[in-house]
Amino acid sequence: MQRGLPMQPTVVLLREGTDTSQGNPQLLSNISACLAISQTLSSTLGPRGMDKLIVNERGEAQITNDGATILKLLEIVHPAARTLVDIARAQDAEVGDGTTSVVLLAAQLLKEVRGYIEEGVSPHIIMKGFRKASQLAAERVKAIQVSVDKSNTEHFRSLLLKCASTSMSSKLIHSEKPFFSNMVVDAVQCLDQDDLDESLIGVKKIPGGAMQDSLLIRGVAFKKTFTYAGAEQQPKSFKNPLILSLNVELELKAEKDNAEVRVEAVSDYQAIVDAEWDIIYQKLEAIGKTGAKVVLSKLPIGDLATQWFADRDIFCAGRVTAGDLRRVCQAVGGSIQSTCSDIAREHLGTCGSFEERQIGGERYNIFEECPRAKTCTLLLRGGAEQFIEEVERSLHDAIMVVKRAIRNGDVVAGGGAVEMDVSAYIRKHALSIPGKQQLVMTAFAKALEIIPRQISDNAGLDSTDLLNKLRMRHAAGDKWYGVDVDGPEGVRDNMEAFVWEPSLVKLNAISSATEAACLILSVDETVRNPQSEAQNPGPRAPPGAAQRALRGRGRGIPRR
């Protein structure tokens, strides 16, 4: 009689309810999730791109066509699709522009090779082909980029203006490109050209008025802070004032803020009150002796100090935000003091003019003609709050593009021209490679055409016809031909039409998209832990706490 095999014990590796999916179906599912994201973003690309209206759980609406902002607001939970959110955020932080392009490119790369995955081609062969093609693309962009001579100031400024207006052409503010391009270039040129710290460009949003009412302050402007009685008696404008920046509280302390003091007699209490008054008067006298006419502090300046300054024709503002105070110091000189004693002349700053000005419905403190100005402030006006926020995002992208153009000085033509040229170059190179790599590199070349195709689709043009025209032009050696959404032909030489972009935007987009596609192709299994059914109850109470809490309820607690 044949003996049965011994029963194998069941091995439990994962918690009950853990979801595992693996193999090709999982990989194809991840690719589909990435394509769903790219379909959401695709209609926002290019000068005729549409905007998205996104409403959050609190009912706040935002209108934008910035790829990174849309992905952030959508709160995507699919683990593979979050990779695209990360590359869009990285592109925004690194270059500032091209966030939609990088997501579309990554998704299109995956779409082109999905058929090969279904047929059983190893993902590693595809990844190797993608990396090789990405390397060739970077070499080609560097070979054709145009370097601009920075020594010719006027020529270099015109380059920066063209880069800024190209960045804005797909935004809500495209109708005011000349106005805002000049503003952005002036703002970036205000900064220290070695450091180019864009955080020193302050942006203040003031609802009301038209877009053309927006101002560039070559210095610092911040909204009038909360003030006590006496502030209206202070002078509101100065010429060449000394400016003192403090991190000191100038108000009488409330009793609850202080330590407990036991007094035997009323005179002792009076002595404590007098001491408090003496301390604040000593601080004020020390500030008065410095000769400063404008006193700013991070901490509150109380009603007593406000009136004291008003009597001596000194302007003061308390509760100034840390960012604004830092920019004031950058512009006027001096440093933030944390004590009122031993303040010397070198600790004070100065500016050509200071005034408190009414702009729209708000009052702003404005410092201009600053001798050490390495900072500036953009005051943005517009009808609706959502509109002004979108203007701010558009200007941030343009500022980052101009900053990169100053750093590198290398530009390429936009409007899909670079992508078409690189695509033709890789397709030609692929013919010299045997095996499956040839198919993968051809797929990479075809994926690059998504940018001009989507730009023309969004403009309502026939993308198939336009791409055939562009392929013909690039085969004839016209490397700067791209999409023209306005002209009758639909294609033009975008370098001559001044549609310029820093080459860094393209290099970063191609390498980031390739890395994201390779990352998604390398995942063949997803393990998802079950979420806890019960809500997190917080830390457990110590044992016996419930009995102790109930013991005294309804009657007096017995004495021990």
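# A tour of the predicted model

Among contacts between residues at least 6 apart in sequence, 74% join residues at least 24 apart. Keep in mind that this is a predicted model. Colour by accessibility next. Buried residues make up 47% of the 560 residues.

## Stop 1: the largest pocket

Select G46, P47, T166, S169 and S170. The pocket here is the largest, with a volume of about 670 Å³. Of its 39 lining residues, those five are the closest to the centre.

At least two lining residues each come from α4 (99–118), α6 (153–168), α14 (450–458) and α16 (503–521). Which element supplies the largest share of the lining of the largest pocket? Helix α6 does, with four residues.

## Stop 2: the largest cavity

Stay with α4 and α16. Both also give two or more residues to the lining of the largest cavity. Select S101, L105, E419, L448, I451, V505, K506, A509 and I510 to display that lining. The space inside is about 60 Å³. Here α16 gives the most, with four residues. In total, the structure holds four cavities of 30 Å³ or more.

## Stop 3: aromatic pairs

Switch to side chains. How many aromatic pairs does a search of the whole structure find? There are eight. Take W277 and Y281 as an example. Their ring centres are 6.2 Å apart and their planes meet at 40 degrees, so this pair is tilted.

Why are W277 and Y281 separated by about one helical turn? They are four residues apart in helix α8 (residues 266–289). W277 is partly exposed, at 34% relative accessibility. Y281 is partly exposed too, at 32%.

Keep W277 selected and look beyond its helix, α8. Leaving aside neighbours within four places in sequence, W277 is in contact with L252 and L304.

Next, select F222, F238, F315, F354 and F367. Ring pairs link these phenylalanines into a cluster.

## Stop 4: charges over rings

Two tryptophans are worth a look here. Select R312 with W308. The charged end of R312 sits over the ring of W308, 3.8 Å from its centre. Then select K162 with W500. K162 lies over the face of W500, at 5.0 Å from the ring centre.

## Stop 5: the cysteines

Finish with the sulfur atoms. How many disulfides does a search of the whole structure find? It finds zero.

The cut-off for a disulfide is 2.5 Å between the sulfur atoms. Is C376 buried or exposed? At 0% relative accessibility, C376 is buried. Now select C163. This cysteine is also buried, at 1% relative accessibility.

Definitions and conventions. Residues numbered from 1 in each chain as written. Predicted model: local features only at pLDDT ≥ 70, side-chain atom pairs only at ≥ 80, totals over all residues. Heavy atoms only, no water. Phe/Tyr/Trp six-rings, centres within 6.5 Å; stacked < 30°, edge-to-face > 60°. Buried < 20%, exposed > 50% of the residue type's maximum accessible area, 1.4 Å probe, protein only. Lys NZ or Arg CZ within 6 Å of the ring centre and 35° of its normal. Contact = heavy atoms within 4.5 Å. 1 Å grid on protein atoms, 1.4 Å probe; cavity = no way out; pocket = protein on both sides within 12 Å on 5 of 7 lines; lining within 4 Å. Points joined across faces, edges and corners; volume = space filled by probe spheres on them.
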